[in-house]
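Visitor: Hi! Could you walk me through this structure?
Guide: Happy to. Have a look first, then ask away.

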Amino acid sequence: LGTPIPSQYTLVTRNTFFATEEERRRVQQDTEYNCFAFPSSMLVCDYLSDSGTSAMTDVQWAALMRGDEAYGRNHGYYCMLDSVRQTFEQGDNAKYLVNRVLLNTDVNWILENQQIEGGFVNGGRFQLERPNFFITPQGRGAELLLYSTLHQILLADKPKEWMHSHYVIPSNGFFDTTEAHCHTAGFVPLNMFAAHFHDAFPIADIGKRNPFKGDINVAELEKAIAKYGPERIPFVLMTVTNNTAAGQPVSMQNLIDVHALCHRHGIPVCFDSARFAENAYFIKTYEAGFAERSIQSIVQQMYTLCDVFTMSAKKDGLVNIGGWLCFRDKGLFWQRYSRPGRDVGVALKEKQILSFGNDSYGGLSGRDIMALSVGLSQVVQLAYLHRRVMQSQSMAQRLAQNGVPIVLPPGAHAIYIDTGKFFEGLPMTIGDFGGVGLVIEAIRLYAIRLCELGAFGFEYDQKDDEARKGILDLVRIAIPRNLYNEEHIAYTVAAITELYHNRHLIPKVRITRGAELHLRHFQSGLAP
Ligand code: F0G
């Protein structure tokens, strides 16, 4: 038919409030033009983030009712251990789900207490020693545990000069909070975007092929290992998909190459897994040899290639809150950072308890944990992923056809406007924060919230020439999961196209307060 088969329908709806342009303008002024501070109920489309903004499925809502709010080892804890293991290591989480989470009323499955050596969810359900799985409220909680614990192990008793100079962490692309955690803990984050990131990609090829522009530049990584030596590289971080590099996917081949190279040098590999399922969809659809494989088997292969991973479940957990950190039992990460009499997992667990609560809830309610356990099985379903990626590709195709300069091909979770090209030919330089001007005007004129992730967000004015090279100047349209329909996409395409035609009217922006603040995009004041 040349049109996709529908794969879902709507059970609950919410009507949008209506505010006038003048009302929005007034509130913008009162909130210092900081888009994070703009009230969401005055918006029509909110593309600030795809994080925690998903609509949950009916099965997840059903699971919520099974939440157990016990302080110690709640029911959901066991569901989550199994769900994570069955998603990332072995098994079929869909079958497990119905039997265990929704229908199960006996305790026999808990008594099974499988002992699995070498996995991400260590040693069975009752083991207290050698912990390796840590629930956190969200991704940055996992980052906090990871980076601050490594700081203690590697830097706390070292000369002051080692802070921010001795240890480097190469990556295909650090997300902003991840970069901030890395930096705060005294490590130097190094972005190594793929050499082919800037290659042109024809509109006609959208949906037909994918060059995996989220890959790390392996040649650069090799150079860094030669330059610094493995002992100065605590781990290599691979973000799947690569949010900072315009949400582009990472190929299995790249993950294989990075793992082989790092392991040759004894360097652990860490995945930042926020959008692992979307990444697996791209591998299945566009990488040779994976077409016949299930999403789950691709995910499981990907996760043989890392030693430790963080997860923001607010993305591909399909939930509004949740995350975790885990590492391979007795794997390279454990070997490198455990000391005689001091298991690295124990250090992480102490921090988890201090910061987020005990191991079986980690800052989440029992209901959150149930929704997450089920979300993992919903997010790897092919029909869901197909619909998700088709929606993004359809928005990208229409914007690109209308001449709006966006990064091509699109990833899954967002469309990225190339700010430099958007303002090409106009008296607007990167230091004028035109991307922020665009965000301000989209709210005022169309009640659409976008997000600047470029010169302003990544602190162009505060960085030296070398660090400036690591900045891609972009404005992001992040699409919440399962939330918006064709009306939203059509409205957004029309609005952004009109903004592009009127780009000469978009103002330059000054930072009026808090230019020097860390993560300033959440808190500083601006003026067009
Ligand atoms: N890693 C990546 C790749 C992310 O995109 C995010 C969050 C995090 C880690 C942190 O996770 O929010 O649960 O603490 N990204 C959101 C975004 C905020 O809008 O892209 P978190």
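**The core and beyond**

Guide: In the largest nonpolar core, which has 143 residues, V236, M238, V299 and I406 touch the most other members. Such a core is a set of buried Ala, Val, Leu, Ile, Met, Phe, Trp, Tyr and Cys residues joined through C-beta atoms within 7 Å. Buried means that 20 or more other C-beta atoms, placed from the backbone, lie within 10 Å of a residue's own; exposed means 12 or fewer, and partly exposed is in between. This is a predicted model: local features need pLDDT of at least 70, side-chain atom pairs count only at pLDDT 80 or more, and totals for chains, interfaces and linings use all residues. Residues are numbered from 1 along each chain as its sequence is written.

Visitor: Which residues is M238 in contact with, leaving aside neighbours within four places in sequence?
Guide: They are N172, I216, V250, L255, V258, V269 and F271. Contact means C-beta atoms, placed from the backbone, within 7 Å.

Visitor: New topic: where are the cis peptide bonds between V240 and T241, and between L408 and P409?
Guide: T241 lies in the loop between β5 (236–239) and α9 (252–264), while P409 is in the loop between α15 (382–401) and β9 (414–418). Omega is about -15° for the V240 bond and about -5° for the L408 one. Helices (H or I, at least four residues) and strands (E, at least two) are DSSP runs, numbered from the N terminus.

Visitor: And E459, buried or exposed?
Guide: E459 is buried, because 20 other C-beta atoms lie within 10 Å. E459 also has a positive phi of about 60°, although it is not a glycine.

How values were computed: Contact = placed C-beta atoms within 7 Å.
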